[in-house]
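Hi,

Here is the structure I promised to pass on.

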Amino acid sequence: MIEIPSELEGKHFDLFKLEQLLKPLGYTIGGNWDYDHGAFDYKIDDEVGYQFLRIPFKAIDGQLDSRGCTVQLQRPILLSHKYQRGIDDHANIGNAAASFNQFQEPVDKDASFPEKYIEVGKSLVHEVESSILTR
């Protein structure tokens, strides 16, 4: 994990409006959100696992699943998740387990981030800064 200091940190936005600005740039709300926090993710590459830029946020007014929620952006981070190739030897078997555990567990969910993508991540942060802070 690599933190990228940014002018985005601490800024407040209406979540719906923020989503409207970031989705056209290729960002999605990551699947690990809760009612009071979440993140926008941008997939940089999927070389071995995947590398992405994450812009975390926390709700400061309302809940993420309700209208009019205001969020505060936090420091962007570069993350790398690596998955094993082939069959997951420790997969849960059975219909009930299969309906919940459909995907492989990461071999290393905090893998080292490839050096060649660090500048890409920094330029993505600058793109977001100029896209949403000038509005």
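Predicted model: local features only at pLDDT ≥ 70, side-chain atom pairs only at ≥ 80, totals over all residues.

Residues are numbered from 1 along each chain as its sequence is written, and side-chain values use heavy atoms, with hydrogens and water left out.

Let's begin with S80, which sits in strand 7 (residues 77-83). Helices (H or I, at least four residues) and strands (E, at least two) are DSSP runs, numbered from the N terminus. S80 counts as buried because its relative accessible area is 1%; the cut-offs are under 20% for buried, over 50% for exposed and partly exposed in between, using a 1.4 Å probe and protein chains only.

What does the side chain of S80 make a polar contact with? The partner is the side chain of Q51, at 3.2 Å. (A polar contact is a pair of N or O atoms within 3.5 Å; within protein, one must be able to donate a hydrogen and the other to accept it, and residues adjacent in sequence count only if both atoms are side-chain atoms.)

Q51 itself belongs to strand 5 (residues 50-61) and is buried too, since its relative accessibility is 2%. Not counting residues up to four places away in sequence, Q51 touches several others, including Y42, L79, F113 and Y117. Contact here means heavy atoms within 4.5 Å.

Next is D41, in strand 4 (residues 37-45). With a relative accessible area of 12%, D41 is buried. Its side chain makes a polar contact with the side chain of R54 at 2.8 Å. Leaving aside neighbours within four places in sequence, D41 is in contact with G26, Y27, T28, G30, F52, L53 and R54. D41 and L78 are 37 residues apart in sequence, with 9.6 Å between their C-alphas.

Finally, the largest nonpolar core has 25 residues, and those with the most contacts inside it are L18, Y27, F40, L53, I55, L73 and I132. (Such a core is a set of buried Ala, Val, Leu, Ile, Met, Phe, Trp, Tyr and Cys residues joined through side-chain atoms within 4.5 Å.) Helix 1 (15-22), strand 4, strand 5, strand 6 (70-73) and helix 3 (118-132) each give two or more residues to this core, and helix 3 gives the most, with five. As for I55, its contacts beyond four places in sequence include L8, F40, L73 and V128.

Cheers
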